Amino acid sequence: MTYKEEFIKFMSDSGVLTFGDFTLKSGRRAPYFINTGNYKTGAHLARLGNFYADCITDHNVQGDMLFGPAYKGVPLAVSTAIALFTKYGTDLPYAFDRKEAKDHGEGGMFIGRQPRNGDRIIIIEDVMTSGKALREVLPKLTGAADVTVSAMIISVDRMEKALNSEKSAVQETRDEFGIPVHSIVTINDIIAAIESGIIEGTSHLDAMKQYRAQYGVQY
């Protein structure tokens with residue numbers, strides 16, 4: 001299997017990717033759901049880091065440090081940093097932000113390697129629904145140093161229209177900030193994995209394709 005197919009099976013086996021009838025935060029009713037909260041063991045994190053490292057390498061993303069937005073991005077950035085070094089020999093520093101700046105001890109907004117002028121930062125996130133996390137961390141990063149975000153890496157691109165737009169969150173991020181967003185897999189990859197028998201879910205294929213036809217975007 002390709003690393004994309006292995007990741008889809010990993011999501012299914014971990015209970016992260018499930019099928020049924022789900023009401024999303026947006027109010028839409030979807031035939032599938034991705035619950036990244038079900039990643040909760042050391043084995044999960046080790047494998048997740050490998051998949052993120054594979055995605056970064058596959059897309060030849062260049063950067064000087066990894067950044068994980070608090071809170072979900074914190075373990076993802078750490079596990080990706082470990083995987084990049086152990087699997088590909090690339091030793092990148094990492095950092096993550098505090099929700100509120102610390103005014104005692106070492107102080108500051110960031111934990112890990114502090115951003116430096118000229119840094120190209122790779123942001124590591126789980127999924128992108130609205131781009132809210134990026135909008136929150138960008139001012140922190142650019143306020144700390146003269147940095148650029150070279151890419152954002154996410155696990156799954158739902159390829160779905162935002163609530164008030166004909167574009168997906170990935171497209172809006174690219175157009176608004178000029179930041180490319182790379183996903184380990186897309187919803188099209190998941191549909192293909194079901195069709196090829198890599199994971200179960202054939203009884204939900206029609207509903208998934210109808211949902212894509214109603215809310216999906218094409219790249």
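User: Is Phe 67 buried or exposed?

Analyst: This is a predicted model, and burial is read from the relative accessible area, with under 20% counting as buried. Phe 67 has a relative accessible area of 0%, so the residue is buried. Phe 110, at 5% relative accessibility, also counts as buried.

User: How should I describe a pair of aromatic rings?

Analyst: A pair of aromatic rings is described by two quantities, the distance of the centres and the angle of the planes. The structure holds 8 aromatic pairs. In one of them, the ring centres of Phe 7 and Phe 51 lie 5.1 Å apart and the planes stand at 65°; because an angle over 60 degrees counts as edge-to-face, this pair is edge-to-face. Phe 7 belongs to helix H1 (residues 3–13) and Phe 51 to helix H2 (residues 42–58), so the pair ties together parts that are 44 residues apart in sequence. Both Phe 7 and Phe 51 are buried.

User: What is the geometry of the pair formed by Phe 67 and Phe 110?

Analyst: The centres of these two rings are 5.9 Å apart and their planes meet at 75°, so the pair of Phe 67 and Phe 110 is edge-to-face. The pair links distant parts of the chain, with Phe 67 in strand E3 (residues 65–68) and Phe 110 in strand E5, 43 residues apart.

User: Which residues form one aromatic cluster?

Analyst: The cluster consists of Phe 7, Phe 10, Tyr 39 and Phe 51.

User: Let us turn to charged residues. How many salt bridges does the structure hold?

Analyst: The general idea is that side chains of opposite charge can pair when their charged atoms come close. The structure holds 14 salt bridges. In one of them, Arg 28 and Glu 160 meet through their side chains at 2.8 Å, N to O. Arg 28 counts as buried at 10% relative accessibility, and Glu 160 counts as buried at 12%.

User: Which residues are linked with Arg 28 in a network of salt bridges?

Analyst: Arg 158 and Glu 160 are linked with Arg 28 in that network. Arg 158 is located in the loop between strand E7 (148–157) and helix H5 (169–177), and with a relative accessible area of 17% this arginine is buried. The side chains of Arg 158 and Glu 160 are joined by a polar contact of 3.1 Å. Not counting residues up to four places away in sequence, Arg 158 touches Leu 24, Ala 30, Tyr 32, Ile 187, Tyr 211 and Arg 212.

User: Where in the chain do Asp 126 and Lys 72 lie?

Analyst: Asp 126 forms a salt bridge with Lys 72, and their closest N and O atoms are 3.8 Å apart. Asp 126 is in the loop between E6 and H4, while Lys 72 is in the loop between E3 and helix H3 (73–88), so the pair ties together parts that are 54 residues apart in sequence. Asp 126 counts as buried at 8% relative accessibility, whereas Lys 72 is exposed, with a relative accessible area of 52%.

User: What does the salt bridge between Glu 195 and Lys 209 link?

Analyst: The closest N and O atoms of Glu 195 and Lys 209 are 2.8 Å apart in this salt bridge. The pair links Glu 195 in helix H6 (residues 187–195) with Lys 209 in helix H7 (residues 205–215), 14 residues apart. Glu 195 counts as partly exposed at 48% relative accessibility, and Lys 209 counts as partly exposed at 40%.

User: How do I read the length of a helix, and which residues of H4 are buried?

Analyst: The span from the first C-alpha to the last is set against the span expected at 1.5 Å a residue. Helix H4 (residues 132–144) has 13 residues and reaches 19 Å, close to the expected 18 Å. Its buried residues include Leu 134, Val 137, Leu 138 and Leu 141.

User: Finally, which residues does Arg 116 touch?

Analyst: Arg 116 is found in the loop between strand E5 (108–112) and strand E6 (120–124), and it counts as exposed at 52% relative accessibility. Setting aside residues up to four places away in sequence, Arg 116 touches Ala 145, Asp 146 and Val 147.

How values were computed: Residues numbered from 1 in each chain as written. Predicted model: local features only at pLDDT ≥ 70, side-chain atom pairs only at ≥ 80, totals over all residues. Heavy atoms only, no water. Helix = DSSP H or I, 4+ residues; strand = E, 2+ residues; numbered from the N terminus. Buried < 20%, exposed > 50% of the residue type's maximum accessible area, 1.4 Å probe, protein only. Contact = heavy atoms within 4.5 Å. Expected span 1.5 Å × (residues − 1). Phe/Tyr/Trp six-rings, centres within 6.5 Å; stacked < 30°, edge-to-face > 60°. Polar contact = N/O pair within 3.5 Å; in protein donor to acceptor, adjacent residues only side chain to side chain. Salt bridge = Lys/Arg side-chain N within 4 Å of Asp/Glu carboxyl O.
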